[in-house]
Amino acid sequence: MANVVLPPGTAPVKTEFLLHNISLLAADDDAAEGSTSHAGRGPSRPDADADSAPGGRKKFTKEQKKAQRGANKGRRFGKVRDELELCWRVANGTICERGSDCRFTHDIDAYLAAKPRDIHFPPSTALQKTQPFVLVDEPPQNGTEGGESSLDFDTTCTCFNETGECRVGFKCRFLGAHARRGDDGSVILVVDEEKKSEVALTTTELNHISPETLKIIRTRKYSTPITDAYLKDLEAVVNASGDVDEPQVQESEKERNAGSDTVGDLITQRTGGMLSPAGASDVPLRFSEKKRLHWSGKTYLAPLTTVGNLPFRRLCVSFGADITCGEMGLATSFLAASREEWSLVRRHPCESIFGIQLAGNKPSTMVPTAEILGKEFAGSIDFVDINCGCPIDLVFRSGSGSALLDTPGKLGKIIVGMNKALGEIPVTVKLRTGVKDGRNTAHKLMPRLSTEWGAGCITLHGRTRQQRYTKLADWDYIRQCVDAVRARESEEGLAPVPIFGGGDCFSSQDYWEKTEGTGVDGIMIGRGALIKPWIFTEIKERREWDISSTERLELIRKLAEYGLSHFGTDTAGVNTVRRYLCESLSFQYRYIPIGLLERLPARINERAPAFRGRDELETLLASPDSRDWVRVSEMFLGPPPETWSFTPKHKSNAYSDESQG
């Protein structure tokens with residue numbers, strides 16, 4: 001085949017793997033970042049349209065190209081439930097105190113008769129690179145022990161395998177793995193008590209918050225004495241100086257403490273001690289007494305919206321990520337006791353260094369949130385990160401995220417207040433180079449973060465808020481900022497804080513060249529980990545990994561396994577896992593196997609041409625068609641219900657000629 005000249009910015013895929021009759025649109029990271037919840041359909045797939053130019057290449061009008069760019073707005077992912085819902089108490093083998101008044105069925109036999117057949121979760125040994133990709137023995141139509149049944153006694157339940165007990169009981173879609181028939185023919189749940197006791201500390205997720213505590217927070221009765229004292233001092237300073245740019249205290253100390261006497265015992269019991277020692281607000285912890293962060297040489301997974309949940313972080317830890325951080329949470333939502341927001345702080349025991357990222361626009365919300373986090377999760381969070389980099393319009397216009405870069409005085413008050421409220425837990429800051437292109441400000445702000453306000457670590461993404469992902473990260477400027485911080489620390493005789501850079505890191509070579517060339521202590525990996533989670537192994541082993549298609553499918557199987565352990569193995573849990581698995585595949589399909597490239601290393605900003613893989617599975621995993629992502633999910637989660645559908649973030653991955661799922 002004759003050599004093909006690819007357009008500038010296209011990844012150099014070897015000629016023998018190119019598909020010349022298909023044109024692919026570039027992935028839009030800006031659009032994906034702009035929203036996390038969308039619905040709608042995009043244009044039909046390029047290779048399925050009959051209106052093609054000579055030679056088979058799709059012919060797009062200007063309007064069609066514009067319509068295919070950007071994000072699908074307003075996605076909705078409703079919960080899919082069983083047709084006949086079984087009471088949760090009965091499902092777990094206990095008695096429901098509501099009896100006949102319960103709105104769910106208590107008839108286990110009727111529930112099992114109406115329940116779809118168990119899903120078969122394949123072992124690693126069943127994966128192969130040719131169709132059907134997963135070798136599964138066809139289960140008999142009847143239960144393996146005779147009679148009509150939804151049970152498959154040959155399947156495996158990831159929750160049961162990991163913990164010795166399945167928390168959803170009879171509602172599990174893999175029920176046959178932890179059930180047996182009694183002498184009377186009834187189905188009995190099985191519990192492995194020995195395994196439960198062995199793995200309790202290594203499998204139980206941390207950072208749960210009780211409904212009672214959420215109620216106290218929601219009714220504004222949670223006592224935060226350090227915050228109250230700090231905000232009172234701030235108000236006095238603001239009133240004296242007439243600084244109208246700083247927020248006034250929104251509620252009096254009396255209002256915040258109203259009713260605190262009646263709930264103090266509960267908080268003390270939950271946090272393991274007094275609310276605060278006498279005089280705590282008068283003698284705050286000095287920055288020098290903060291727990292120092294020794295992070296030089298450690299790998300850091302960036303906090304990632306939507307995809308960066310606990311199962312994905314577990315996957316990255318298994319590949320070598322040392323530091324992980326939960327998804328960005330809004331301080332106002334934490335104070336409103338949002339269950340969804342508080343679920344973002346969950347931590348798996350395998351996460352050796354774990355932090356929580358907060359976004360907010362004033363001390364009166366950020367500081368009390370920090371104080372509550374510090375009390376509720378003392379000993380189970382290693383740092384709290386302040387988001388000063390989020391470019392999303394909704395966040396920016398509220399004065400949060402990257403908007404804080406233009407209000408250093410307010411940011412300083414937030415950092416100082418959070419440091420007081422968190423005790424020995426360090427406060428870290430993640431920021432961008434500035435707000436507008438050509439007006440970098442980080443070199444002025446960063447030296448103040450640690451020396452004046454006590455930030456324990458600084459992470460700089462090498463782009464402005466306005467730039468988003470339209471240009472390469474500016475690593476020369478990152479080096480300039482590192483030099484500015486080190487010079488200030490040297491002048492004041494302070495120990496250096498760890499500084500991480502970020503932007504466009506996509507290979508081991510990228511990582512070590514940028515680390516050694518700029519003086520950063522490490523690089524925070526975001527998009528690179530979404531596209532190839534094994535990048536942490538590459539970094540630690542200083543090599544480029546030509547990962548095989550079956551190794552990648554095993555990675556997806558592992559992510560499904562971790563997802564089921566976290567979200568649950570009932571119908572709702574399985575389809576939540578399916579949604580997040582497809583979200584992850586919406587990034588992973590962008591990986592171009594390095595064995596197909598003319599040169600190394602691969603670059604994250606290069607656009608992939610249409611190509612075929614070295615085997616059928618590698619070709620499938622490179623598909624931009626979101627229906628193929630659903631197809632991959634079916635290998636581990638079974639076929640989706642008729643009512644389930646998946647709409648990708650990027651319009652270019654959505655196809656309207658058929659219903660998805």
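**Close-up views of salt bridges and a charged patch**

Of the 661 residues in the protein chain, 55% are buried (under 20% relative accessible area, with exposed meaning over 50% and partly exposed in between; 1.4 Å probe, protein chains only). This is a predicted model, in which local features need pLDDT of at least 70 and side-chain atom pairs count only at pLDDT 80 or more, while totals for chains, interfaces and linings use all residues. Residues are numbered from 1 along each chain as its sequence is written, and side-chain values use heavy atoms, with hydrogens and water left out.

**View 1. Overall chain.** The protein chain holds 25 helices and 11 strands (DSSP runs numbered from the N terminus: helices are H or I of at least four residues, strands are E of at least two). Of the contacts (heavy atoms within 4.5 Å) between residues at least 6 apart in sequence, 75% join residues at least 24 apart. The whole structure contains 34 salt bridges (a side-chain nitrogen of Lys or Arg within 4 Å of a carboxyl oxygen of Asp or Glu).

**View 2. Salt bridge between Arg 486 and Asp 521.** The closest N and O atoms of Arg 486 and Asp 521 are 3.0 Å apart. Arg 486 belongs to helix H18 (residues 475-492) and Asp 521 to the loop between helix H19 (508-518) and strand S11 (522-525), so the pair ties together parts 35 residues apart in sequence. Arg 486 is partly exposed at 23% relative accessibility, whereas Asp 521 is buried at 17%.

**View 3. Salt bridge between Asp 546 and Arg 614.** The N to O distance is 2.9 Å. Asp 546 sits in the loop between helix H21 (535-541) and helix H22 (549-567), and Arg 614 in the loop between helix H23 (571-588) and helix H24 (616-621); the two are 68 residues apart. Asp 546 is partly exposed at 35% relative accessibility, and Arg 614 is partly exposed at 37%.

**View 4. Salt bridge between Glu 561 and Arg 557.** The closest N and O atoms are 3.5 Å apart. Glu 561 and Arg 557 are four residues apart in helix H22, and therefore separated by about one helical turn. Both Glu 561 and Arg 557 are buried.

**View 5. Negative surface patch.** Asp 192, Glu 193, Glu 194 and Glu 198 form this patch (like charges joined within 9 Å, from residues with over 30% relative accessible area and no salt bridge). Asp 192 lies in the loop between strand S2 (187-189) and helix H6 (193-203), and is partly exposed at 30% relative accessible area.

Note on methods
Patch = residues over 30% accessible without salt bridge, like charges linked within 9 Å, V, L, I, M, F, W, Y side chains within 5 Å. Areas by Shrake-Rupley, 256 points an atom, 1.4 Å probe, with all protein chains shown as cover. Lys, Arg positive; Asp, Glu negative; His and termini not counted. Charge placed at Lys NZ, Arg CZ, Asp CG, Glu CD.
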